[in-house]
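Here are my comments on the model, as numbered points. Please read them with the structure open.

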Amino acid sequence: AVGGGLVMLMAVTLIKFRVQLSPVIKYYPNFANWAMGKKSFEEYIAAFDGRMPRNYQLAYYLKTHTVLTDKIYIWGTQPDVYVMADRLPVGPFVVAFHVKDLSAYEKTMDGLRTDPPKYVVMMEDEAGKFDSLQSWVEVNYIKVKQINEAIIYQRLMEG
């Protein structure tokens, strides 16, 4: 009786105050399906954002082809890759919209020239171009891999 009364009170409260269920409620069935083996890990992470499988693959590649002190730079809007790869970016502008919104193209290039990263990733799906970065990469880097829209360039050895 007490349990039924609490459920009724909760239902009336939710309706009276027009409380909506949290949008995260949809994540629970997604997790349950993955935990029970009904979904692959790629299907599980893709449910959050369709770019996540690519970002995991990209982070894995960068983490396994660098050492902890190597820096990377990604022209795109994937700050999660830096964290998943456990690698630092070059400079303070870690996503393309920072560079664009703050018109920090030259400041970004100065940072890249001063402290060139081992890898530069150019995201083909990034709206907006950074011509000086593209030209610099073409001279100083070589394309080593492509993972969907992510083109990975490795710095050429000097000397």
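Predicted model: local features only at pLDDT ≥ 70, side-chain atom pairs only at ≥ 80, totals over all residues.

1. Residues are numbered from 1 along each chain as its sequence is written, and side-chain values use heavy atoms, leaving out hydrogens and water.

2. Strand 3. Buried means under 20% relative accessible area, exposed over 50%, and partly exposed in between (1.4 Å probe, protein chains only). Five of the five residues of strand 3 are buried, so the strand is largely enclosed by the rest of the structure. Tyr119, Val121 and Met123 point one way, Val120 and Met122 the other.

3. Core. A nonpolar core is a set of buried Ala, Val, Leu, Ile, Met, Phe, Trp, Tyr and Cys residues joined through side-chain atoms within 4.5 Å. The largest one has 33 residues, and Leu62 and Leu133 have the most contacts inside it. Its largest share, five residues, comes from strand 3 (residues 119-123). Leaving aside residues up to four places away in sequence, Leu62 touches Ile72, Val81, Ala85, Tyr119, Val121 and Ile152, a contact being heavy atoms within 4.5 Å.

4. Strand pairing. Two strands pair if DSSP finds at least two bridges between them. Strand 1 (residues 71-75) runs parallel to strand 3, joined by four bridges, and Trp75 stands opposite Met122. Strand 5 (residues 150-155) pairs with strand 3 in the antiparallel sense over five bridges. In that pairing, Tyr119 has Gln154 as its bridge partner, and Met122 has Ile151.

5. Hairpin. Which strands form a hairpin with two residues between them? They are strand 4 and strand 5, joined by six bridges and running antiparallel. Tyr141 stands opposite Arg155 in strand 5. Asn148 lies in the loop between strand 4 (141-147) and strand 5, and its phi is near 50 degrees.

6. Positive phi. Most residues other than glycine have a negative phi. Asp86 has a phi near 55 degrees, a positive value. Asp86 sits in the loop between helix 5 (79-85) and strand 2 (88-89) and is partly exposed, with a relative accessible area of 42%.

7. Pocket. On a 1 Å grid over the protein atoms alone, a pocket is an open set of points where a 1.4 Å probe fits, with protein on both sides within 12 Å along at least five of seven lines; lining residues have an atom within 4 Å of a point. Grid points are joined across faces, edges and corners, and the volume is the space filled by probe spheres set on them. The largest pocket holds about 170 Å³. Its lining includes Trp75, Met122, Glu124, Phe130, Ile151 and Tyr153. Strand 3, helix 8 (131-140) and strand 5 each supply at least two lining residues.

8. Glu106. This residue is found in helix 7 (residues 105-114) and is partly exposed at 46% relative accessibility. Its side chain makes a polar contact with that of Arg113 (3.2 Å). A polar contact is a pair of N or O atoms within 3.5 Å; within protein, one must be able to donate a hydrogen and the other to accept it, and residues adjacent in sequence count only if both atoms are side-chain atoms. Glu106 and Ser132 are 26 residues apart in sequence and 8.5 Å apart in space, C-alpha to C-alpha.
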